[in-house]
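Please examine the sequence and the structure shown here before reading on. The paragraphs below are intended for a reader who meets them for the first time.

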Amino acid sequence: MTEIRFSGFGGQGIIRCGLITGKALAIFDNKHATMTQSFGPEARGSACSSQLVVSDDRVLYPYISTPEILISMSQEAYEKYEPELIEDGILIIDKDLVKTKPPRGNIKTYVVPSTRFAEELGNRIIANLVMLGFFTAITRIVSPEAMKKALPGLVPSRFLDLNIKAFDRGYEYGKKILDEEKKVTKKKVTKTKK
Amino acid sequence: MKEEDRLQERPPIEDFLRMDRIPHIWCPGCGIGTVVTSFAEALKKSELDLDKVAILSGIGCTGRVAGYVKLDSIHTTHGRALPVATGLKLANPELKVVVFSGDGDIAGIGGNHFIHAARRNMDILIICVNNFNYAMTGGQVAATTPIDANASTAPYGNFEYPFSLPYLAEASGATYVARWTALHLRRVTKSIQEALGKRGFSFIEVITPCVTLYARRNRLGDGLNLLKYYYEKSEIQHGADTRTLDISYQGKLIVGKFVDKEKPTFLDCMNEHLGKVLGDKYQPYGVYHDGD
Amino acid sequence: MKKVKADPKGVLTGSHYLDGDYAIAEGALAAGCQFFAGYPITPSTETAERFSERIPTIGGVFIQMEDELASIAALIGAAWGGKKAMTVTSGPGFSLMMENIGLACMLETPLVIANVQRGGPSTGLPTLTGQQDMMQVKWGSHGDYEIIALSPDSPQECFDLTIEAFNLSEMYRVPVFVMTDECVGHMHEKVVIPPAEEIELVERKWYTGPKSKYLPFKPDKDMIPFMVKAGDGYHFHITGLTHDERGYPVINAECQDVCVRHLNDKIRTKADEIIRFEEDKTDDADVVVISYGITSRVTTRAVRKAREAGLKVGTIRLITVWPFPEKRIKELAKKIKAFIVPEINYGQVVIEVERCAAGQAPAIPVSHCGGWVHDPDDIFKAIKEAAQ
């Protein structure tokens, strides 16, 4: 079982992130995925989040308490939700929107300039898709094929191609980061050997 | 017609009433029965298929009308005849739906439904019997009680502004608005007949005597005295500005047909709008053609 | 009882990722509901939104009424106009509907009401979960009457049980309630909608005899009277007053007895046919946890932990909450140490369990006042204490 929290501010498509990932897992990757979201006035404008519980069996407890993965696309959301991330969790942030504190425990932090990439692709509104691509590459919890299949119906059809482009951009960047990480690890290993 | 046939002929109203429920509960001198007679008369003249006419009432003296009229008839809860009628009309748009109820039911507890049904131009005819008080419960003050009139819960006289129902109806969107008194029975019949032939939200107010409570409490005499008041103080002003129709205690009663216009109904608007926006994908609803 | 296949027009066959609110709307459409009247209220509004978006291309009416009094009233009119009708609401709106829920019962009108429960009383917690209307649904309108209430534990069951609610309402000519809650209502999960030919619907019990002989409240052999619709020439009369088989008001104690007994007994005597619950590992159980809706999922987690700890614990998940599985509770009460009843309220269904157990076994509430689902550990602790 894995608990994931997508967070940011209202208007960034944070709920959409949970929906797309949940749909990809539940419909196309044959997993159980339960998505909940924060409702109420606090969900509009300020910190906003959607939660996903992923499991091979039926999800019994729909909410998350100690997420393994936290995605933050705003400073406020990062500060609000970072403390609940488990000690060896994965933190994924937007490079230009979140300044992190000194790392805690064995938390692995991955950084992507999702908003900047989205702007380069022509519209910052698709930053969430860049983020989803990146998240997919880094966590490997969901297949990129399933994610793309999940998009129709959840993004406006006339922007489907653009959204896929954004996803791919994030995904490729994520793979590159992982490759570099491997090289660094190898180097480290080589060094130790010497 | 031969004399014996004439003798055997039942009063025409019997075809429209549940004779197995007669005698009715209304007091001697009450005006509700006379309005029902006008309704039956109008229904007959309208030549509508009686299978396709439904009548609904709320609660109160007039609320009992649905129980006496031999049509598909629903006696609902207090104030809710209009929303039940809305559901009925929308579920089966080929029906002519009539709400027959009192002032307390329609303008008091059901006031919100009244203005919204009018706003939507729901294709419903409302016949509102206004006797200036809550009669079934013993003559309490109502939203229509004239200032200074006495009521059991206004024992020192009413000091609240009453509604002018035709004004309220027109302001809310009604396409047919008329007011008469129990004295103007032929006019009532004609108005009902006209409104039965119309599509849209039609409102007919009939001011009637409540002899047992309103008249007794205000020492206004019997039914005849009240009809005399209607005779002396009513003035027919067709097309009058509905802003001028306030009723003061025993004051002037401006009656007549004030509004009679055409406007697409709720279902017309729904079909037109959704058809325009959704094109061929839209499934037109409740559109009946000859031969359907 | 006549069963028919669902009309494919309303059935969105396939796998979907839906929240409970949307799934209720899809269930209604699959069940052939063509009339929806409602008033916006969190956390139920999404059902109305979904229905209003979908119905124009299927054929039917969505109308947003001026309030919940009007919504339920419109349903009664629509049902007597021949349509399957539903509304959805939450606490405050549910309270407003109470009077005409009584009218619907009195007129033996088939209709479906979904209540996406939130924390109460009053405005309470509009955006947070609760199971606090479980007694209100049974007792909220004045007078003696019976209703049927179902409690889905997932968006999938929101879909399935909404169809079932329509079927039960037609079968028994009674209002049926889908009592879900904010958590399930707003929770997205996979919902599989089968092909139309696999969805079985109960058709309204239409009268077909001679027109002059129609009696709207004359019980048939199965106690359920036949129904007609306005416009078909029956010139029926129906009233919220105490009435006889003709629908005519009769204001005396004798008629009251016949009329009200019928409203209750047509459900009470059929309770065994109506009631559905899931029972697990109660054979050798010392403790039985009774739960419903979202709480039953959390309970499953607590019970797994308890079994791992060697505790003999069984479960009953209520799918039908009303009528209540009285007989089964009575049987179990004789052989177990205790019932545990977790629910998102300050103790409601636990009172019914206590009544049925009749002193043979205690009914221990695991209650809280709403706003969150239980911590499974709270249920686990209660099981552990009761088992010892």
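Predicted model: local features only at pLDDT ≥ 70, side-chain atom pairs only at ≥ 80, totals over all residues.

Residues are numbered from 1 along each chain as its sequence is written, and chains are lettered from A and ligands numbered from 1 in the order in which they are written.

The secondary structure of chain C comprises 13 helices and 18 strands; helices (H or I, at least four residues) and strands (E, at least two) are DSSP runs, numbered from the N terminus. The radius of gyration of chain C is 21 Å, close to the 21 Å given by the globule rule for 388 residues, so chain C is as compact as a globular protein of that length. Here the radius is taken over C-alpha atoms, and the globule rule is 2.2 Å times the number of residues to the power 0.38. The C-alpha trace of chain C spans about 65 × 50 × 40 Å along its principal axes. Of the 388 residues in chain C, 61% are buried; a residue is buried if 20 or more other C-beta atoms, placed from the backbone, lie within 10 Å of its own, exposed if 12 or fewer, and partly exposed in between.

Helix α3 of chain C, residues 68–80, illustrates these terms. At 1.5 Å a residue, its 13 residues should span 18 Å, and its end C-alpha atoms are 19 Å apart, which agrees; the expected span is 1.5 Å times one less than the number of residues. Because 13 of the 13 residues of α3(C) are buried, this helix is largely enclosed by the rest of the structure. Just after α3(C), C:Gly82 adopts a positive phi of about 105°.

Chain C is divided into domain 1 (3–202) and domain 2 (278–382), with bounds that come from an automatic or database domain assignment. The centres of these two domains of chain C, taken over C-alpha atoms, are separated by 26 Å. In domain 1 of chain C, 24 residues are in contact with 22 residues of domain 2 of chain C; two residues are in contact if their C-beta atoms, placed from the backbone, lie within 7 Å. The elements giving two or more residues to the domain 1 side include β7 (125–129) and β9 (175–181) of chain C. The residues of that side divide into 13 nonpolar, 7 polar and 4 charged, where Ala, Val, Leu, Ile, Met, Phe, Trp, Tyr, Cys and Pro count as nonpolar, Asp, Glu, Lys and Arg as charged, and the others, Gly among them, as polar.

How do the chains meet? Of the 2 pairs of chains in contact, chains B and C share the most contacts. In this pair, 35 residues of chain B are in contact with 43 residues of chain C. The largest share of the chain B side, 8 residues, comes from α4(B). Strand β2(B) is joined by 3 bridges to strand β12 (residues 237–239) of chain C, and the two run parallel; strands pair if DSSP finds at least two bridges between them. Within this pairing, B:Ile74 stands opposite C:Ile238 in β12(C).

On the side facing chain A, 16 residues of chain C are in contact with 15 residues of chain A. Helix α10(C) provides the largest share of this side of chain C, 4 residues. No contact joins chain A and chain B, whose closest C-alpha atoms lie 17 Å apart.
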